[in-house]
Amino acid sequence: MKNWFFAALVAVALAALPGTAQAHVYDRDDSDHPLRVVSYVVHPVGMAVEYAVLRPIHWLVSRPTVAPVFGHRPRPEVEECTYFEYH
């Protein structure tokens, strides 16, 4: 009985010891992911679509006179912002 308890105690102590940590060597040429390069092109296009299409649509459907028709309800937890503020 004592041998099992001692073996379990040693196993727990060894498992609790920290292992050695080593940082990898950063290689700039090897670390460029192709999707990151694609995102540099896609992100400005998405922002342009948001400002040129989606925000004007939201502005139109959120007018008090037509909001009930489109089912728009303002969210109370979001403070009112101007058209060109980004949230």
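Buried means under 20% relative accessible area, exposed means over 50%, and partly exposed lies in between (1.4 Å probe, protein chains only). This is a predicted model: local features need pLDDT of at least 70, side-chain atom pairs count only at pLDDT 80 or more, and totals for chains, interfaces and linings use all residues. Residues are numbered from 1 along each chain as its sequence is written, and side-chain values use heavy atoms, with hydrogens and water left out.

**View 1. A salt bridge between Glu50 and Arg55.** The two side chains meet at 3.2 Å, N to O. Both Glu50 and Arg55 are buried. The structure holds one salt bridge (a side-chain nitrogen of Lys or Arg within 4 Å of a carboxyl oxygen of Asp or Glu). Of the chain's 87 residues, 6% count as buried.

**View 2. A nonpolar patch on the surface.** Its members are Leu35, Val37, Val38, Tyr40, Val41 and Val42. Together they have about 610 Å² of accessible area, from the Shrake-Rupley method with a 1.4 Å probe; for residues, only the protein chains shown count as cover. Patch residues have over 30% relative accessible area and no salt bridge; like charges are joined within 9 Å, nonpolar side chains (Val, Leu, Ile, Met, Phe, Trp, Tyr) within 5 Å.

**View 3. Val38 in helix 2.** Helix 2 covers residues 34–61. Val38 counts as partly exposed because its relative accessibility is 43%.

**View 4. The chain as a whole: α-α-α.** The chain has three helices and zero strands. Helices (H or I, at least four residues) and strands (E, at least two) are DSSP runs, numbered from the N terminus. The accessible surface comes to about 8600 Å², and 67% of it belongs to carbon and sulfur atoms.
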